[in-house]
Amino acid sequence: MDFSSLFHEFGELTITGLAQGSIIALFALGYTLVYGVLRLINFAHSEVFTIGAFTAVITWGTLGLNQDSPTPGPAGLIGYLALGLVVATMASGITAVIIELVAYRPLRRRNAPPLAFLITAIGASIALSELVGVLTNRNNRGVPRLMKQASLVHIGDANITNLQILIIVVALVMMVGLDFFINHTRLGRGVRAVAQNADSAALMGVNKNRVISLVFLLGGLMAGVAAVMYVMKIGNIRYDSGFYLGVEAFTAAVLGGIGNLRGALLGGIALGVIENYGAGLFGTQWHSVVAFVLLVLVLMFRPTGLLGESLGRARA
Amino acid sequence: MTTTAGTPQSPAAGTPESKQPRGGVRGWLGNQPKSVRWLLIALAVLGGYLLPYLADVPVLGPQLITQGIDWPSALFNMAYYVLLALGLNVVVGFAGLLDLGYVGFFAVGAYSVALLSSPDSVLGTKWVWIATIPVAIACAMLSGLILGWPTLRLRGDYLAIVTLGFAEIIRITADSSQTLRGDRGFAAIPHPPGKSPDGTPIFGVRDATPYFWLGLTIIIVVVLALRNLDRSRVGRSWLAIREDEEAAEIMGVRTVKYKLWAFAIGACIGGFGGVLFTGEQGFINSATFQLQFSILVLAGVVMGGSGNMAGAILGGALISYIPDRLRGVELFNRDAYQYRFLLFGVIIILIMIFRPQGIVPSRRRELELKDRAKEVAPQ
Amino acid sequence: MSEPHIESTEWENEAARHRVDQPFPTGPAPAAAVAPVRPVEGALLEVDNVTLRFGGVVALDQVSFSLGQGEIFGLIGPNGAGKTTCFNAMTGVYRPTLGEIRFAGQRVTGHKKHEITRMGIARTFQNIRLFPEMTALENVMVGADAHHKTSVLGALFQVPRHRREEAQGREGSLRLLDFVEVRHRAGDLARNLSYGEQRRLEIARALATRPTLLCLDEPAAGFNPAEKTRLLELIRRIRDTGVTILLIEHDMRLVMGVTDRIVVLEFGKKIAEGTPAEVRDDPKVIAAYLGVPADAA
């Protein structure tokens, strides 16, 4: 364990953790939304992310922007970024909705037991990730550099880059938007109603199927944004990139309180930061182990998470 | 005079029809007298041992055997997959605990053998393969308990993801740790012992047939052991836990103990699979134990029919046989074998939608997984 | 009486037809269907000032009562009074926020559910919680397993003790099925039994755990008068074997007819206790069930 590394790079690790945590938080929203409404861990959400990411990168590629291209200027940055966000969110959203329609809805119609849903979820996840893997030959795909990373702010000896600020800002904007949607719109009310009591909601005229598709769509949109942020930060993407991030995101959702949107935000940021400290201490290859271990600890000792669950209980 | 199964009793007035439809093969088999059933089982077992000679069967034989890989090796693959499916079936099928990281136990068994017997190992003990078996299995069981103990009170979905994490932690550890040698792995792992009359080792490197027979024998022993468990208070407890855990506990079932045992036994069998595998391959590294492998075995159990051993055997065999049979077949510029995870991922979805009880339904699972909306508590 | 036989020919799990060619013993059940009960000195069950809170809801409020061995004790009250909650507290499903429950002098609160069962408390459930995919016989055998000593390894190797306990468990369970008059359905899946048979099966399963105290949660719910009478007889027969019975019931005639003493709960509080005659005439009880007339001061 390398304490000196942790100590010296504390500021750096914290900032990186915040940025990474923002991505995780966005991704976590998808898990927490679906779990809150369906009590289901949507394992296939990680592929929703991956597909969004690849769509953005491939779109940029067809426009001639690939990993070797020079960074575009400010106008180009905004243009490409906007385009990337649009196609990624569309692809992710559509994928998410299709997954629900094809894999989960038939089971819901049959009132299948939860075990069946879980099995299907993992089947969908493997099928999609393998599909992407086969199509991409399991290769790493490089991502074009959209912005020149420049240090904008100094705090102590930690640098905050423009990219990190972008990520954090974008994540916050999406969160606020989602929060507003859920809490202040009619459709959002429908979501909350179905999450709390689907049958009563149906009796009140809420179209359960429509709400569920909406929930998947929203989660997909968030994942699409997270995907673009991720590829900009990491610089490459692979067919299984979604998997580890997915586990981290789910951990974050549980950490913050499953079903709780603000919990997902808090959990994501907390996890990002903790993982970075862990990487500082133990070395980067162990960082997903940190996530798993944290998940087990949270589930054992505080299964309702930091902010408490909005819906349902973790313990049997 | 009492009848054994088969003669329907006319239902008393007012009571619901109490007979389950005795479908097809299962019903016919169940209705045969015991001696006939034992004979059929004996024939099946004999047929199993004769499988390496399948190519000699006229007409069908050459069609069925694998092209892209030699048939005895394909059979051996089927053997250890079946063993893994049987083990996972104990955890998922009998006890109803969704374990997504089953490859972890396989890895523990395999690495135990490697550490104790390979010349590459830092332990330097260089045991023979047979000597490593009890230690490897004990380690696997221990890992099952280590996994089981903190996770037992968790709900099914949380349990699933934690088991996933467990397998990944093992893989990452194997990858990163010096002792476990990452992707350099362990080579020159000794094979099972034995010399044939002419002095050459029985378990050599060229012919996988003896390994297959060894695997088949282990499978038979495991099946007998599991059968004993199923027909005892252990099997009843597992089923009760699956049906209604709280009610089971209130009826005196020690749920924690039996869930732990399910993990331990499943881990033990998985570990044994690892032992067998290493003995044949002679080499393992961290790339051997990917997560997809766990999902593949799960697909086998689910597809074959979880909750019953015949289903697990069939499913395990299929998840190995089908990809191996497709080796050498070109599909979109790739060897079809590469598509196996994709194929079985899709199959999982299709099975859960259209035939969740699997190919060989356990009487119980069939009723359990079908439309539960009809299963409203009476009045 | 129709031919008893086991229907299940399950390829895998033959627990129900362990010995295929052996017929069931026919004829009247031997007297020892229900296991002999150990005598207990002093109160059998003491509920001592128990309060149970769920968040803001007070489900039980300083409830105290005790029962002696051999009684048939009734626990009544309007819906939501806390009767099933009381059962759940006794059997370890809930943990009282305050107070204590003692069984034969031993603390019950804080023990695991299966430990409490082994101490001698058994129960049935308000909404029937049988194991639907197991046969009637298997359901009862699960209860019988509670006192078996065979270990997992013992079962694995089919040691003599395992075989003995299996045979004893099976025989004992069949006798219990006979005792509750469900023997003819021994080989049928629990989910396929009629409603009345399921309720009686649940009682058999609870009796298989060899309880000293049997808690029945609305055992007559949904029964017609004939079935209720039959149940009454069954309850008396159970009491005659020495098992103490604690009964939650809504049917006043049933309760008044079979119980020795009654405790009445309302909104989590005990409002009356006494013999059926005393309770029936208690104005608080009448008010609880029927409400206070609008013109009462």
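Which residue of E2(C) does Arg53(C) stand opposite? In this predicted model, Arg53(C) faces Val58(C) in strand E2 of chain C.

Strand E1(C), residues 43-54, is joined to E2(C) by 8 bridges, and the two strands run antiparallel. Strands of a sheet pair through backbone hydrogen bonds, either parallel or antiparallel. The hairpin formed by E1(C) and E2(C) has 2 residues between the strands, and Gly55(C) takes a positive phi there, near 60°. E1(C) also pairs with E4(C): 5 bridges join them, again in an antiparallel arrangement. Within this pairing, Asp48(C) has Glu100(C) of E4(C) as its bridge partner.

These pairings belong to an open sheet of 4 strands, whose order is E2-E1-E4-E5 in chain C and whose pairing is antiparallel. At its edges are E2(C), residues 57-68, and E5(C), residues 106-107, each of which pairs on one side only. Helix H1 of chain C, residues 83-90, packs on the sheet and touches E1, E2 and E4 of chain C. The direction of H1(C) makes about 70° with that of E2(C).

Attention now turns to another helix of chain C. Helix H7(C) covers residues 225-240, which makes 16 residues. From its first C-alpha to its last, H7(C) reaches 23 Å, close to the 22 Å expected at 1.5 Å a residue. Which residues of H7(C) are buried? They are Leu231(C), Ile235(C) and Ile238(C). Seen down the axis of H7(C), the buried residues fall within an arc of 60°, and therefore they line one face of the helix. Their packing partners in chain C are strands E3 (72-76), E7 (213-217) and E8 (244-248), together with helix H8 (252-258). On the other side of H7(C), Pro225(C), Ala226(C), Glu233(C) and Asp240(C) are exposed. After H7(C) comes Gly242(C), with a positive phi near 110°.

The final step leads to the contact between two other chains. Here 37 residues of chain A are in contact with 37 residues of chain B. On the side of chain A that touches chain B, the elements giving two or more residues are the helices H4 (74-109), H5 (114-135), H10 (241-256) and H12 (287-301) of chain A. The largest share of this side, 14 residues, comes from H5(A). By kind, the residues of chain A on this side divide into 29 nonpolar, 5 polar and 3 charged.

How values were computed: Residues are numbered from 1 along each chain as its sequence is written. Chains are lettered from A and ligands numbered from 1 in the order in which they are written. This is a predicted model: local features need pLDDT of at least 70, side-chain atom pairs count only at pLDDT 80 or more; totals for chains, interfaces and linings use all residues. The expected span of a helix is 1.5 Å times one less than its number of residues. A residue is buried if 20 or more other C-beta atoms lie within 10 Å of its own, exposed if 12 or fewer, and partly exposed in between; C-beta atoms are placed from the backbone. The arc is that of the directions from the helix axis to the C-beta atoms. Two residues are in contact if their C-beta atoms, placed from the backbone, lie within 7 Å. Ala, Val, Leu, Ile, Met, Phe, Trp, Tyr, Cys and Pro count as nonpolar, Asp, Glu, Lys and Arg as charged, and the others, Gly among them, as polar. Two strands pair if DSSP finds at least two bridges between them. Axes are lines fitted to C-alpha atoms, for helices over the stretch in contact, and angles run from 0 to 180 degrees between N-to-C directions.
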